[in-house]
Amino acid sequence: MKAAAAHFDGKLILAGVAGAAALAILGLLGTIVWMSLRTGVPGQASGYTFTNYFTLIGDPYMYRVMWTTLRFAAVTIGIAIPLGLVFAWLIERTDLPHKALAMSLLGIGILFPTFLKAMGWVFLLHPRIGVINIIFMQMLGLTAAPLNIATVAGIGFVEGLTLAPLAYVMISAALRGMNPALVEASSIHGVGKWRTLLRVEMPLIWPALLSTVIWMFTIALAAFDVPGVIGMANNIFTFSTALYFMINPNEGLPRYGLSGAYGSIMICVSLLLMLPYFAALRQSHRYQIISGKSYRASVIELGRWRAAGWVLIGGYFFVAFVLPLLAIFWVSLLPYVQMPSRRALAAASFERYGATLFDSALLGAGWNTLLLMVLVPTIVVVVSTAISWIVTRSRLRGRVALDAIAFLPHPVPHLLFALSIAYFALLISDVVPLYGSIYVLIAVYAVCWISFGTRVLNSSMIQVHRELEEAAEVGGVPTLRILLKVIVPLIRPGLVYAWIWTSLSAYRELTMAVFLASPRSQVLSTYVWGQWHGGGLGDAAAVAIVMMAVMSPLVATFWIYARRQQQVASPV
Amino acid sequence: MIEIRALSKRFTTSDGAVRALDGVDLAIADKEFFVLLGLSGSGKTTLLRCAAGLEKPDAGEILFNGRTMSSAAAGVFVPPERRAIGMVFQSYAVWPHMTVFDNVAFPLENGVQRMPRARLRERVMSALALVQLADHAERPVPFLSGGQQQRVALARAIAVEPEVLLMDEPLSNLDARLREEVRDEIRGLSKKLGITVLYVTHDQVEAMALADRMAVMSGGKVLETGAPEKLYHFSQSRPVAEFLGAMNVFHGAVENGGVKTAVGLLSCALPEGMRNEVTVAIRPEEILVSNSASGGANEFPAALESRLFLGDVTVYHLTAGGAKITYKTAADPGFEPGGRVYVSLPAGKLKVFAR
Ligand SMILES: Nc1ncnc2c1ncn2[C@@H]1O[C@H](COP(=O)(O)OP(=O)(O)OP(=O)(O)O)[C@@H](O)[C@H]1O
Ligand SMILES: [Mg+2]
């Protein structure tokens, strides 16, 4: 009977862990709705009311924000999707040389922090300090800057450039999985390659494209980095930055009730968007084959256009990654922002690095970041393992619901989870003084990335044959031990992949950190953010460069590992 | 030893409920090698998994040695590890991250039967010796051939010294030649160890080669149970007889103690209660064919349509009175297609089924 008890306990522990995570997710979302029905500051007595919603609906500012957000999203999609489509097509369907290199150039860009790239674009295209603008003005004798990044189109452009690799990953997954027979049936009957592309492939890829567009749209709705770095200082507010502003107003009290109403609407919108998203995804899966063999459709020969293909990919990498990085580096070397010139070059030095890097606040932020990078992925991996086991392996009732709940943080903007946990921590701050501590960040990061962890581990666990587990079950090996000694070793690549990815994400995360960081719980990204908005552009640039440098070996390790495990296509 | 009574199991899938088992009754004797045979989807695996305790039946009972293992009515369900079973899976299910030794040792180290190190080693090695893998104990399993991996799975199942060994198509992933070899080893081993075996397959040759007795399943029901010879020659139902081997069938009507068919009037022993429409069947190798008429009963002239040489046997296709007849023989008489011959259908071999 002892063994039977162990059997039972193991499942109970797993169910407990998974249940706690599900409760946390639902609890945090519920808190947003609850907030929206109350007024005043957290903890203050308040009746339940719809006032906040009425205020929101009656506020013309909100409609301006909505319009800005829609335009921002449209530009983002307009940049990211065509680029992603062309990249996917070049890499999956043509004889472009050095594809591995091309994939690396596209993939590595995703991993570096978006807000740093946004900073680079300010240095390049700001009407006053943008290097490119100044060059144009001097060369053409203009009196006003020809280009302005601090516009809706500008931030959409930067966001679109950063999202293009993700669009590429999503579209190329669809292209790769598409049943080649569908395409070849056309070629065999003498239909030309280009005509097949237009008449057969494009219609077949359409659902996948649509699902990618919807996904990009939800990301644009939630995007904080680019609108926060470029837009906010220039009075351009999208949904996410407007929400930030409600909680961190220049004057007056944080308006939690209003932000709750606002957040509740965002939750509804992002969940509603999942309906067409999954519908499109299901449609595109119908055109796919599941086959173990890598059976490939024949490729289109680019001929003279090969060079053009590489110009496009190389050009993208240069513009989206190298150029902003160079701009940041340049600014970090100078005492104040100025044009590249012989005089400026003479003034350039690494002095700033020495001065800023040993700032005790920065060291503290570095330590906190390290803590997040170790603890968050560990929690995510452990909790996701429990959830994925229950979802894919057990027959517990409610496992489908559990899977759906674990998915929720994926479409719902993360900043809402941050807002919610901030409110919750304030509520209980008299009892448990968590507000403003690093633990709040750890908790909310973990909750949000469980959706990523469970996606990766679900697919890893499905691949482990059920009989491998049953063979141990028949011998009476307790559940937890089966999990640890049979399943975990077999899904190790997935676990490592999820761990490193989450760790990198913890390093680059700005959105949630900005909502929650207090002087006690600064992290590197919020430190840069603080410098940036405090006017210390040069210092921010120097720390940014150091952040990138520190991150590079981690990114390289991750990339090599992910490629070896063929898990490049991350469902970010 | 194993008693299964009125066992039912249904699965609910996205497109409705499937009756995987629909009132199965079986009694398997002690030390018997019992085979479940049936087409894909007939419920064999489900039955085996119910016996293992990996699946919980909706209705009915399973008893091992008189002990109730599962009874839906009484609410009894003994978990797999307390049923004293060993199980060999279709996919082998050997753990790829362990060595041969560890694969066999793992359930003994971590399961219900924990034992001291020395005894464990002895147990594992003797199980490996039984399947001739003692020399490979320290090899990681991915370096073994398919047949060897299958034997690891077998060693792991018998190392726990089970009273019942359950096997689900253990040979289906092996190639034909190896399959026969391992098949004979499995039977030899089970007899040597003297354990009760419940074995699932969809291959009738494999089933007949292994079974002391077998059950033919279809649509979640057991159609017929019996020794292979009995089922092959004297099956009560046409689906069972046809599943076990090819048949020539003639539809006809009962008429003066015989059956009137397309080939002619067949005289045969009519089972009790057969009236009107019946089907008469005979296996291709039970037919007699010769160049000249012998004047015996059930003899008809036939035309030789074609000849198929298969090595150990030769198959002829004939027509008699518009009916097609297949004749199979090991001693090739060397008839030429196009010729005329005489077919006789021995009355003792004719099987009559109601229609
Ligand atoms: N876990 C399950 N969920 C839903 N339906 C199932 C499940 N397992 C089996 N079935 C269904 O029950 C029926 C019997 O399945 P079972 O696996 O027992 O057949 P089988 O005789 O072993 O077939 P095969 O020779 O293909 O292995 C099938 O219709 C199958 O689709
Ligand atoms: Mg089966």
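Me: Where is B:Pro271 in chain B?
Reply: In this predicted model, B:Pro271 sits in the loop that connects strand 14 with strand 15 (277-282) of chain B.

Me: How far is B:Pro271 from B:Thr68?
Reply: Their C-alpha atoms are separated by 39 Å, and the two residues are 203 residues apart along the chain.

Me: What about B:Pro337, where does that one lie?
Reply: B:Pro337 is found in the loop between strand 19 (323-329) and strand 20 (340-344) of chain B. B:Pro337 is partly exposed, with a relative accessible area of 43%.

Me: Which residues is B:Pro337 in contact with, leaving aside neighbours within four places in sequence?
Reply: The contacts of B:Pro337 beyond those neighbours are B:Leu304, B:Glu305, B:Ser306 and B:Arg307.

Me: How many helices and strands does chain B have?
Reply: Chain B contains 8 helices and 21 strands. Its C-alpha trace spans about 75 × 50 × 40 Å along the principal axes. Of its 355 residues, 50% count as buried. Among contacts in chain B with a separation of 6 or more, 65% are between residues 24 or more positions apart.

Me: Changing topic: which domains is chain A divided into?
Reply: Chain A is divided into domain 1 (1-36 + 357-572) and domain 2 (58-286 + 304-348). The centres of the two domains, taken over C-alpha atoms, are separated by 25 Å. Contacts between them involve 46 residues of domain 1 and 48 residues of domain 2.

Me: Which residues touch the most other members of the largest nonpolar core?
Reply: They are A:Met119, A:Ile230, A:Tyr445 and A:Phe515, in a core of 225 residues. Helix 19 (residues 438-462) of chain A supplies the largest share of this core, 15 residues. Domain 1 and domain 2 of chain A each contribute at least three residues to this core.

Me: What is A:Tyr445 in contact with, leaving aside neighbours within four places in sequence?
Reply: A:Tyr445 is in contact with A:Leu372, A:Val376, A:Ala506, A:Glu509, A:Met512 and A:Ala513. There is also a second, separate core of 49 residues, which includes B:Leu37, B:Leu128, B:Ala153 and B:Ala159.

Me: How many residues does helix 4 of chain A have?
Reply: Helix 4 (residues 99-111) of chain A has 13 residues, and its first and last C-alpha atoms are 19 Å apart, close to the 18 Å expected at 1.5 Å a residue. Its buried residues include A:Met103, A:Leu106 and A:Ile110. The buried residues of helix 4 pack against several helices of chain A, among them helix 3 (60-93), helix 7 (152-177) and helix 25 (537-564).

Me: Where is confidence lowest and highest in chain A?
Reply: Among the helices named, helix 8 (residues 180-188) of chain A marks the lowest confidence, at a mean of 67, and helix 16 (residues 360-392) of chain A the highest, at 95. Chain A averages a pLDDT of 87, with 93% of the residues scoring at least 70. Over residues 1-7 of chain A, pLDDT stays under 50.

Me: What is the mean pLDDT of chain B?
Reply: The mean is 91, and 100% of the residues of chain B reach 70 or more. The model scores ipTM 0.78 and pTM 0.84.

Definitions and conventions. Residues are numbered from 1 along each chain as its sequence is written. Chains are lettered from A and ligands numbered from 1 in the order in which they are written. This is a predicted model: local features need pLDDT of at least 70, side-chain atom pairs count only at pLDDT 80 or more; totals for chains, interfaces and linings use all residues. Side-chain values use heavy atoms; hydrogens and water are left out. A nonpolar core is a set of buried Ala, Val, Leu, Ile, Met, Phe, Trp, Tyr and Cys residues joined through side-chain atoms within 4.5 Å. Buried means under 20% relative accessible area, exposed over 50%, partly exposed in between (1.4 Å probe, protein chains only). Helices (H or I, at least four residues) and strands (E, at least two) are DSSP runs, numbered from the N terminus. Domain bounds come from an automatic or database domain assignment. Contact means heavy atoms within 4.5 Å. pLDDT is the predictor's confidence in each residue, from 0 to 100. The expected span of a helix is 1.5 Å times one less than its number of residues.
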